[in-house]
Amino acid sequence: MVKKSHVATTINGEAVEFLCEPRHSLLEVLRDTLHLTGAKEGCNNGNCGACTVILNGVPVNSCLVLGVEAEGSEITTIEGIASESHLHPLQQCFLEDAALQCGICTPGFIVAAKALLDRNPNPSEHDIRFELAGNLCRCTGYDKIIRAVQDAAAVLQENKS
Amino acid sequence: MKEIEYAAAHSVDEAVDLLAARGDKARVMAGGTDILVQLREGMRDADLIVDVKKIPEMMQFSYDPARGLHLGASVPCYKIYGDAKIAAAYSALADAARIIGGWQIQSRASIGGNLCNSSPAADSIPALIAHDAQCVIAGPSGRRTVAVADFCTAPGRNQLARGELLVSLHFPPVQPREGARYLRFIPRNEMDIAVVGVGAWLRLNDKAETIAAARVALAAVAPKPLAATEVGEWLVGKPATDATFSEAGARARKLAKPISDMRGPAEYRLHLVGVMTTRALAGAAERATSK
Amino acid sequence: MATKTPHEEAATWDHGASGSAKKYKVLGTRPIRHDGVDKVTGRALYGADIQLTGLVHGRILRSPHAHARIKSIDYSAAEKLPGVLAVITSHDFPNLKDKMADLGEGTVNLADLSANCLAHEKVLYKGHAVAAVAAVNAHIAEEALKLIKVDYEPLPHLNWVLDAMREDAPLLHDNVFTSEMGKLAKKPSNVPVHLHFETGDVEKGFADSDIVIEREFKTASVHQGYIEPHVSIAHWNRDGHITIWTSTQGSFTARQQTAELLLVPVSSIKVIPCEIGGGFGGKITVYLEPVAAILSRKCGRPVKMVMNRTECFEATGPTPGSFMRLKLGAKKDGTLMAGEAWLAYDAGAFPGGMIGPGCMCVFSCYEIPNARVDGYDVLVNKPKSAAYRAPGATQAAFACESVMDELAERLKIDPLELRLKNAVHEGSRRVDGPVYPRIGFIETLEAARNSDHWKSKLTGPNRGRGIASGFWFNIGLKSCAAANVNADGTVTLIEGSTDIGGSRTSIAMQLAETLGLKAHDVHPQVADTDSVGYTDVTGGSRVTFATGLAAYHAGLDIRQQMQARAAILWECKSDQVTWEDGLFRHGDKTFTFRELAGKLNQTGGPVVGRASVDPEGPTNGFGTHIVDVEVDPDTGKVTILRYTAVQDAGKAIHPSYVEGQMQGGSVQGIGWALNEEYFYDDQGKMRNASYLDYRMPTALDLPMIDTIIVEVPNPAHPFGVRGVGETPIVAPPAAVAAAIHNAIGARLFELPMAPHRVWAAIRDKATAG
């Protein structure tokens with residue numbers, strides 16, 4: 001029996017500790033141990049993006065990160081995107097633009113889009129489609145998702161000025 | 001997944017010791033985007049994962065125009081294309097790093113890992129060959145250097161012997177009027193494994209009209225990534241024109257030995273070798289003249 | 001006070017005749033969906049998110065062979081693995097030989113359904129479930145599977161319909177006899193059903209035609225591709241009650257199927273529908289629920305079972321692959337004279353595929369006086385096919401619309417005009433019999449013709465434009481609703497339609513409109529099978545129509561009761577209280593809904609509205625799609641440049657979600673057209689059972705998808721609603737094929753039109769021409 005490892009990390013700004021086996025993915029730890037079930041398993045092999053979290057500033061597929069690798073890291077999940085009092089503009093725009101139907105891909109898209117807008121506040125439609133190509137959606141055909149990201153980018157630019 | 005141990009090495013020596021001790025029951029993990037999938041699906045087997053992302057030497061990269069690029073084997077793709085100087089100097093490398101999987105994959109996956117996974121369809125390897133990259137390998141008996149072109153030996157297999165670890169890749173300094181391009185054909189626009197991939201590198205003469213040196217390498221059309229040496233040699237002295245690139249494409253086709261599989265029929269892949277070689281060379285030439 | 005009969009009620013429905021749109025307060029607006037905040041914050045609970053005390057995990061052992069006899073199963077070693085709590089096979093299921101059940105959308109052979117959950121004597125496709133393990137965690141359960149020893153005797157396999165239909169083909173089942181015109185064949189075969197529809201005199205029709213075109217088509221199996229894998233949790237409690245949490249399109253059908261398979265009373269099972277991450281027809285048949293239940297009974301713990309992505313591809317219900325032959329005859333002026341269709345669709349491993357709707361839809365857009373359709377349900381060693389958004393219609397439309405496009409080309413008639421010339425309308429009769437009521441097909445063609453897209457010029461080399469139309473019936477079926485008036489003037493709506501695309505809001509909006517409330521003053525809840533009356537599946541594009549109708553009737557019930565309460569307060573008779581524009585009125589006395597809601601306790605107590613409806617479908621959804629493509633002549637790769645979907649929605653309750661259905665269905669159709677297929681090797685095994693090599697469109701593969709909603713109100717609904725969900729997947733492959741032809745001058749007759757096939761068509765045309 002492989003012993004569990006103790007991992008200390010920061011998730012959504014809070015210090016978190018957990019035990020996990022080496023074979024547990026970060027996705028499993030988030031969902032099954034920490035009850036942060038916003039990140040979803042769609043494929044478990046890095047092809048759908050439903051498990052996207054931000055790890056040390058970059059978006060990753062949490063299904064392809066081991067729980068033990070979270071040691072000393074900073075992780076943002078969908079649960080950490082809204083502030084205490086407000087939805088993030090991305091979340092608000094997804095709602096207003098009806099950019100979700102079944103909603104299963106939505107957390108992954110919002111986290112990836114946040115990483116995108118953090119890095120590139122004024123992306124073109126092509127930029128958005130390129131950077132979000134790793135997030136699959138089967139319901140929307142992507143149209144309203146792209147528009148929601150564009151609208152959120154505009155709101156964020158406005159908020160800055 | 002079956003039960004597995006995990007150890008993070010903090011130095012190359014520590015990693016080499018772990019690998020030597022456990023042999024083929026240990027697997028190196030950099031970005032994890034290949035190895036974790038393979039371990040889960042039973043395509044590869046291990047009792048121990050050796051994480052090499054805490055080895056400073058393997059996570060660093062530095063570029064000096066006089067000395068070239070030193071790229072740690074665990075450096076994630078996004079850092080490569082995210083560095084404007086490196087992306088400009090080693091553009092085929094940046095091309096490949098930009099299209100391995102999606103953004104989430106590029107945040108983790110490393111060129112070293114892509115090379116060591118040794119898929120014949122790997123996107124980075126034709127670019128590495130085109131740039132004449134050299135592998136620095138550490139092992140129980142010390143370090144050695146091997147050309148990337150010689151590194152892979154069979155589908156999914158490479159030269160690394162028991163206890164050996166790819167530590168870094170070295171790229172020669174860039175000279176004027178050099179350009180490189182990696183292009184692949186995939187049925188969608190992203191997220192696919194290459195049906196055919198081509199890395200092309202050219203150095204033009206001082207009038208930027210004639211090819212002074214050339215390298216072409218192919219992915220997904222042979223049991224391992226294919227250095228199309230004869231094509232590179234043939235290109236020397238030829239004018240940098242579409243007609244030349246087209247003929248080069250025809251010659252590349254003669255070297256390719258694609259199979260038919262779920263990613264495409266052999267006949268079609270053979271045709272694509274010609275098309276993509278021509279386009280990659282044209283792209284390399286354009287970059288060579290734009291400097 | 002007399003209630004109105006349904007006819008009297010329907011007579012009050014004002015859909016705004018001849019162009020004057022009725023003014024609605026809520027319908028046609030775009031409120032934020034009621035479940036939206038939970039979904040954008042990750043709080044919404046999907047099946048795999050459910051946590052329970054004592055929860056254990058199940059995994060399934062699956063056949064590595066496409067076709068084999070099971071000689072023995074030895075799971076003794078698996079049972080001994082520490083952490084394993086139970087192992088089961090089909091022997092743990094009741095024996096259901098030859099039992100049939102009516103599941104509302106057709107009868108199902110329960111023995112087949114049971115064998116599909118856990119194989120009986122044979123495995124019939126790679127991935128067919130053979131045994132199941134429950135263990136303290138999923139990793140241990142997975143490891144336990146490796147310890148189960150199964151002795152297989154491989155058998156020859158089939159995965160192409162024409163091979164399976166041959167006289168000498170190996171049989172999947174020895175008790176399947178073709179049912180044809182009410183008779184059963186004498187010898188067993190792989191063809192459970194041969195359907196035949198005929199009208200007029202087909203031979204004469206072709207003889208009278210100036211032009212006859214006949215083509216053969218092939219399509220590959222494709223999958224619904226829902227991002228959320230199947231998941232069910234079952235707890236077989238010690239009092240005999242079974243609770244099931246599951247990702248399903250129909251809690252009541254899941255309950256009934258499970259009850260039938262376990263031979264327990266339906267009332268002993270409660271199904272709690274979780275939020276569902278996509279279904280598209282693929283989450284109606286049960287796969288995991290009964291298996292999880294039996295594991296739970298055996299180990300005494302709640303058991304969670306989640307499929308992985310490979311299992312979703314290999315072992316759920318893709319849509320049929322097909323072989324089709326389609327012939328159309330027309331006069332020089334484009335008038336269609338005759339049509340003949342021969343359709344062979346994969347049923348997969350068990351009888352009961354989608355051939356019926358395929359036959360009914362193939363000529364459904366056009367008036368063809370002489371027509372014949374022959375359709376065959378064909379067994380092959382693939383997972384049992386299931387519904388995928390307008391099941392069977394996309395394949396048929398690919399054939400018919402392609403031949404229409406070719407007719408237009410050869411007759412030198414604009415393809416849109418050719419369709420207008422022959423378009424069905426009110427009173428047209430379909431080849432399988434039904435006569436259309438008021439429908440909006442012509443309106444979609446006219447809207448397409450007037451669209452910016454159609455009017456714009458497409459310039460540039462290797463570019464082409466295509467147009468195609470599609471039809472889906474849309475069903476009615478049963479829905480219940482209950483609505484509780486709260487003292488603050490809001491209403492809680494209890495309904496039973498699992499929400500795959502925002503429907504709880506569309507239903508709430510219909511109740512809000514009925515009561516003069518704002519959309520957010522209605523609080524919709526999707527309830528479990530103990531909490532709401534029987535409600536049929538979320539499928540068949542029925543929910544906004546039928547469950548909306550239930551909400552409307554629950555609203556009328558509330559209004560009527562509240563009129564009686566106002567009468568008490570105003571000391572008059574109930575029928576002297578009117579309701580109009582959100583106000584209850586008697587003379588110059590009025591109450592708003594909120595005011596009266598605050599007085600219910602003093603007039604008799606709470607008001608609960610209820611409804612149970614079973615409206616007749618179909619609501620008849622027609623769509624016309626326009627697509628511009630660019631083809632790379634050297635590689636055959638097709639880029640979608642521009643896409644417009646036009647569809648008759650009857651009345652778009654929430655236009656954003658109607659647009660969303662049109663866009664989503666179009667993109668699924670584009671994937672089906674260009675890259676999606678089940679790729680089989682020579683052992684009959686699917687090689688591309690992952691999102692890596694089963695290539696669904698990504699955001700980078702598409703432009704924006706423009707939508708034009710046409711509203712020809714459905715006379716059978718108070719607000720004119722027609723179903724919208726399925727129609728948009730029908731036209732895209734044919735539209736894309738037509739566009740490719742327009743670009744390269746060569747036609748493709750096989751889906752997907754992957755780059756290597758387009759390139760081959762270009763090359764063949766070059767060598768021929």
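For handedness, a crossing is left-handed if the near helix is turned anticlockwise from the far one by less than a right angle, and right-handed if clockwise. This is a predicted model, where local features need pLDDT of at least 70 and side-chain atom pairs count only at pLDDT 80 or more, while totals for chains, interfaces and linings use all residues. Residues are numbered from 1 along each chain as its sequence is written, and chains are lettered from A, with ligands numbered from 1, in the order in which they are written.

Back to that pair. Helix H12 of chain B covers residues 242-255 and helix H13 of chain B residues 266-289; they pack at about 145 degrees, with axes 8 Å apart. Axes here are lines fitted to C-alpha atoms, for helices over the stretch in contact, and angles run from 0 to 180 degrees between N-to-C directions. Helices (H or I, at least four residues) and strands (E, at least two) are DSSP runs, numbered from the N terminus.

Who touches whom? On the H12(B) side there are, among them, B:Phe245, B:Gly249 and B:Arg253, and the H13(B) residues they meet include B:Leu270, B:Gly274 and B:Leu281. Contact means C-beta atoms, placed from the backbone, within 7 Å. That helix contact divides into 9 nonpolar, 5 polar and 2 charged residues. The classes: Ala, Val, Leu, Ile, Met, Phe, Trp, Tyr, Cys and Pro are nonpolar, Asp, Glu, Lys and Arg are charged, and the others, Gly among them, are polar.

Staying in chain B, the domain assignment gives domain 1 (5-51), domain 2 (61-171) and domain 3 (178-289). Those bounds come from an automatic or database domain assignment. The C-alpha centres of domain 1 and domain 3 of chain B are 34 Å apart.

Now helix H6 of chain B, residues 91-99: 8 of its 9 residues are buried. Buried means 20 or more other C-beta atoms within 10 Å of the residue's own, exposed means 12 or fewer, and partly exposed is in between, again with C-beta atoms placed from the backbone. The buried ones include B:Leu93, B:Asp95 and B:Ile99. After H6(B) comes B:Gly101, with a positive phi near 60 degrees.

B:Asp132 also has a positive phi, about 60 degrees, although it is not a glycine. You'll find B:Asp132 in the loop between helix H9 (124-130) and strand S6 (134-139) of chain B. Buried or exposed, then? B:Asp132 is partly exposed, because 17 other C-beta atoms lie within 10 Å.

Over to chain C, where C:Ser541 has a positive phi near 55 degrees and is not a glycine either. C:Ser541 is in the loop between strand S23 (522-526) and helix H17 (543-570) of chain C. This one counts as buried, because C:Ser541 has 25 C-beta neighbours inside 10 Å. While we're on backbone geometry, a cis peptide bond joins C:Leu751 and C:Pro752, with omega about -5 degrees. C:Pro752 lies in the loop between strand S31 (750-751) and helix H21 (755-768) of chain C.

Another helix pair, this time in chain C. The axes of helix H13 (residues 415-422) and helix H14 (residues 441-449) of chain C come within 10 Å and cross at roughly 160 degrees. That makes H13(C) roughly antiparallel to H14(C), since angles over 145 degrees count as roughly antiparallel, under 35 as roughly parallel, 65 to 115 as roughly perpendicular and the rest as oblique. The crossing of H13(C) past H14(C) is left-handed. C:Leu416, C:Arg419 and C:Leu420 meet C:Ile442, C:Leu445, C:Ala448 and C:Arg449, which comes to 5 nonpolar, no polar and 2 charged residues.

H14 of chain C also holds C:Thr444. C:Thr444 is buried because it has 30 C-beta neighbours inside 10 Å. Its C-alpha is 6.2 Å from that of C:Gly623, 179 residues apart along the chain. Leaving out residues up to four places away in sequence, C:Thr444 touches C:Phe622, C:Val646 and C:Val710, among others.

Last bit, the chain contacts. Chain A and chain B each put in 22 residues, and strand S4 (residues 58-61) of chain A gives the largest share of chain A's side, 4 residues. Between chain A and chain C, the contact takes 44 residues from each. On chain A's side of that one, H2(A) supplies the largest share, 4 residues, and the classes are 22 nonpolar, 13 polar and 9 charged.

Note on methods. Two residues are in contact if their C-beta atoms, placed from the backbone, lie within 7 Å.
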